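Dear colleague,

I am handing over the structure we spoke about, and you will find it just below. Please open it alongside this message, as my notes refer to individual residues.

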Amino acid sequence: MTTSTSTQNATNNSSLPQEEIIGAKGFYGTDEFQTIIVVLLTVVIVFGFLGNLTVIGTIFQRQRSFKSSSDYLITNIAVADLLVAAIIAPLRFVEMFHGWPLGGFLCHFLAPLQDVIVCVSVITHTVIALERYRGIVQPFKDKLSIRQTKQAIGIIWVICYVASGLPIAFIVTVTVVGDVHECRVRWPLHIYRQLYEVCLVVVFVIVPLVIQTYTYSCIVKVVNIEIAAVNDSINLDGPETRLAQSKARVVRMLIFLVIAFQLCSIPRVSTMLLWEFSDLRGNLIFQYAITTSLVIYYLKHVINPFIIFATSAEFRVSCGLCVMCK
């Protein structure tokens, strides 16, 4: 969460390419780029706040007996996205024009928060995939109870802060550039930052992507078999048919959420790695690619509520958005 005064300073001191973008001179200091960022952050703040708050409110208004472990896990993702809309994006606004306003302690605490939020989203999506796999592909195994799900959510936040946030928290500092205070990450050596980013990509992108792809492939196969079986039965309006169709709708929504998350994250990850390990930094087309990937990356905090309400009649009914769905 840093604002750089030059591309070189940003390269030396920040942990992610996005921190080299905001406030940097040259292409990144143009009015065109600042306009893009202002519009982007406005969209994230307004729609991210309203959309994710609606998801959280819709789930919490349900009776306790109707809440599933997936509901709590989806809420966890919505809470993470809500934090981006309520804290991260507004701070970006302030940093762009006035520098870091919150002092050293909150610099240490909040600077790693966006990496932590991404980690929380990835791990939660993976836990949902594994839980759906256990419930559909291995239905005779015990499912996560609500209590276990709440404990898992707490563990996810702790693990993510220790794994992705704590390394940043120890080396971030408030520095004065001109008359502006900036919250910057200062890596002892450039190789440490490269190792940190490679670890994040492997542990929180590649491994979860493999797990999610495998689990949902198995889930879709089983659900299709169940649907084919009930379609061949005499009673097409029976409980087995409704159960199979309900499973299919839930799985479709979860798959859309995972695909959207990955499509928004992979371009960002790719430009991060290219920034670190290629000689494209001075290439204008690559700079535009970084800007585009940044826009897509931030939009992932906004689109989940739209996917949930577009693919789930149950959510629309609960929120009062779909009278005909009842």
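Predicted model: local features only at pLDDT ≥ 70, side-chain atom pairs only at ≥ 80, totals over all residues.

A search of the whole structure finds two disulfides. One is formed by C107 and C183, whose sulfur atoms lie 2.0 Å apart, and it links distant parts of the chain, with C107 in helix α5 (residues 103–110) and C183 in strand β2 (residues 180–185), 76 residues apart. The torsion about the S-S bond of C107 and C183 is about 85°, so this disulfide is right-handed. C107 is buried, with a relative accessible area of 0%, and C183 is buried as well, at 1%.

The other disulfide joins C119 to C160, with an S to S distance of 2.2 Å. Because C119 lies in helix α6 (residues 113–136) and C160 in helix α7 (residues 146–169), this pair ties together parts that are 41 residues apart in sequence. Its torsion about the S-S bond is about -75°, so the disulfide of C119 and C160 is left-handed. C119 is buried at a relative accessible area of 1%, and C160 counts as buried at 1% relative accessibility.

Turning to the surface, V198, V202, V203, I206, V207, V210 and F277 form a nonpolar patch there, which together has about 560 Å² of accessible area. Helix α8 (residues 190–231) contributes the largest share of this patch, namely six residues. V203 lies in helix α8, and with 43% relative accessibility V203 counts as partly exposed.

Best regards

Terms used: Residues numbered from 1 in each chain as written. Heavy atoms only, no water. Patch = residues over 30% accessible without salt bridge, like charges linked within 9 Å, V, L, I, M, F, W, Y side chains within 5 Å. Areas by Shrake-Rupley, 256 points an atom, 1.4 Å probe, with all protein chains shown as cover. Salt bridge = Lys/Arg side-chain N within 4 Å of Asp/Glu carboxyl O. Helix = DSSP H or I, 4+ residues; strand = E, 2+ residues; numbered from the N terminus. Buried < 20%, exposed > 50% of the residue type's maximum accessible area, 1.4 Å probe, protein only. Disulfide = S-S within 2.5 Å.
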